[in-house]
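Work through the exercises below with the model open. Each task is followed by a stepwise solution.

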Amino acid sequence: MTKTQKGKGRFLSGNEAAAEAVRLCGPQVIAAYPITPQTTLMEKLSEFVAAGEMSAPCKLLLVESEHSAMAAVMGAAMMGSRVFTATSSQGLLYMCEMLNYVSGSRFPVVMANANRGTATPWTIFGDQRDSFAMRDSGWIQFYVESGQEALDTILQAYRIAELPDVMLPVMVNIDGFTLPHTYDLVQVPEQKAVDAFLPAFKTFNKLSLEAPKCMSFAYGPDYHLESRCLQQKVFDEAVGVIERVDEEFYGLFGRRYHGLADTYRCEDAELVLAVTGSAAGTTRVVVDKLRAEGKKVGLIKVRCLRPFPAKFFASLNSPQNSCKVLGVLDRNISFGLEGGLYTDAKASMYRPGAKINTLGFVAGLGGHDVSKADIEVMFGKLANLAEGKPEEEHQFIGMRWA
Amino acid sequence: MQEIRWHGRGGNGAFTAARLLALAASVYGGRYAQAFPSFGPERRGAPVLGFSRIDDSPIRDHSEVADCDCVIVLDETLMSALDVFKGLKANGAMVLNSAKTKAELQKDERFAGVKNLTALDATSIALDVLKSPIVNTIMLGAAIAATDMIAVADAESAIDELMPRHLTESNKLALRAAYDKVKGENP
């Protein structure tokens, strides 16, 4: 399949695969808070830096907090450097303020986040409440299904982020503990191929003695609304860019992920489940099993939370589409409403007069396994609704009691 | 697909064994494989799990392993702490580090349902060959002999790739010793 490596690949953890991607992209500055909730991704990168194995000279800054880590990479980006950082759960929350500084100033920072739940109750286990809480921070957010996809998405993230027409920060979300600690076969591309895909970072959005300028400054009310409108328009632009870059990537590396949302066995599917991250893989297995039993089921893998695949979801609600009931699996919850992905999917599908049959499932919080049996239960509930049987619109799946 | 669960204690290499098995099956055996630990904080001496999945096609499943084709227990004392038989398939294999013989173990009714039971005094082999009570590669050798999941030569290649250089030769010897002993008893 790939043009860059013989054999099926190397046996790497998701974190090692992500670190290989960063090594190949060659950021000049990496900043990180080196203590929990940091992960082995940064451990691996520090080994690469120490051994001089990064593809470009790299300074690794160990700072006193995640807030400082994001501030440090922002400072380096302000000087025109390619940068990287990584975090998880509480660390991401602690960065919240700086995420907004970075996105508003349009610095193309790339960050990996090992998705984990947020305290309290204190947890080090996986769910997506950390990154969903950062939904409105102005970052492009990707969710990946495997270590290979983590590697490939980080390569794509730099390409997308640094395009002059985009210049947005990108967060690559890797379901913790599942993906960062799962070893699997991973194709690591050759440096030459990566260099052909990702040109050196050049930007006018930087400080320079030759052309002094003021950056990241305050706006009064007179320009603020217009500037936010421009920021929104860039996200609209990014939709096409993400799709184009994925196609380009496919041409060079032989692997692709289909832009903002991928589908699996959806051609004539009547019951469809939309999923983010590692659970998409498990859902593929369940879809195959149910298809073998003659059930018309399919998977939507939501790869991007922002920009959101709104047009894609809208298309599900057209008379031509076979989808009768859409289920959405959320590994997060917005207390007082429902899972965040579900809200966005429903809103995208809404048209006056159109009938929308949807169910929102919350599962896999705080490291709770999303089992094949749980996913079968979800498809069963979609079938019930299709047959006119009653189902509660929002449900927690996999609980022992309620 | 074959799903394998490893029982050990933090620090005694159960997850390394899970990785060795999957590395051997995939990179050296030409199949597809996954390895992952029981997720959570690492505490020396606490019960830990390792998992390996092996298949002929790419593995997409990211849920926990429920049903096992093979359970490997590195430390017999774990049996009083947790249910090592959980999820073992009817025709599944169990490989246990124990000084007791298979016949002695089978007096315990919990072993009655285990079709393919292998008992090996791995700790003695470890002390003899490795001069240390670390049994992970020994139990890997025993499990390969009991199940033929992978080729023993592929496991040796995996040891060469994954383990620190000063440990590879002794661990390959230990793996082979366990493999030969179990094959000798169950030709």
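**Exercise 1.** Among contacts in chain A between residues at least 6 apart in sequence, what share joins residues at least 24 apart?

Solution. Take two residues as in contact if their C-beta atoms, placed from the backbone, lie within 7 Å. Keep pairs at least 6 apart in sequence; 79% of these contacts in chain A join residues at least 24 apart. The model is predicted: local features need pLDDT of at least 70, side-chain atom pairs count only at pLDDT 80 or more, and totals for chains, interfaces and linings use all residues. Residues are numbered from 1 along each chain as its sequence is written, while chains are lettered from A and ligands numbered from 1 in the order in which they are written.

**Exercise 2.** State how much of chain A is buried.

Solution. Call a residue buried if 20 or more other C-beta atoms, placed from the backbone, lie within 10 Å of its own. Of the 402 residues in chain A, 50% are buried.

**Exercise 3.** How do helix 3 and helix 4 of chain A cross?

Solution. Helices are DSSP runs (H or I, at least four residues), numbered from the N terminus. Axes are lines fitted to C-alpha atoms over the stretch in contact, with angles from 0 to 180 degrees between N-to-C directions. The axes of helix 3 (residues 66-78) and helix 4 (residues 89-104) of chain A come within 7 Å and cross at roughly 30°. Helix 3 of chain A is therefore roughly parallel to helix 4 of chain A (angles under 35 degrees). Contact residues include Met70(A) and Met74(A) of helix 3, and Tyr94(A) and Met98(A) of helix 4.

How values were computed:
Helix = DSSP H or I, 4+ residues; strand = E, 2+ residues; numbered from the N terminus. Parallel < 35°, antiparallel > 145°, perpendicular 65-115°, else oblique. Buried ≥ 20, exposed ≤ 12 C-beta atoms within 10 Å, placed from the backbone.
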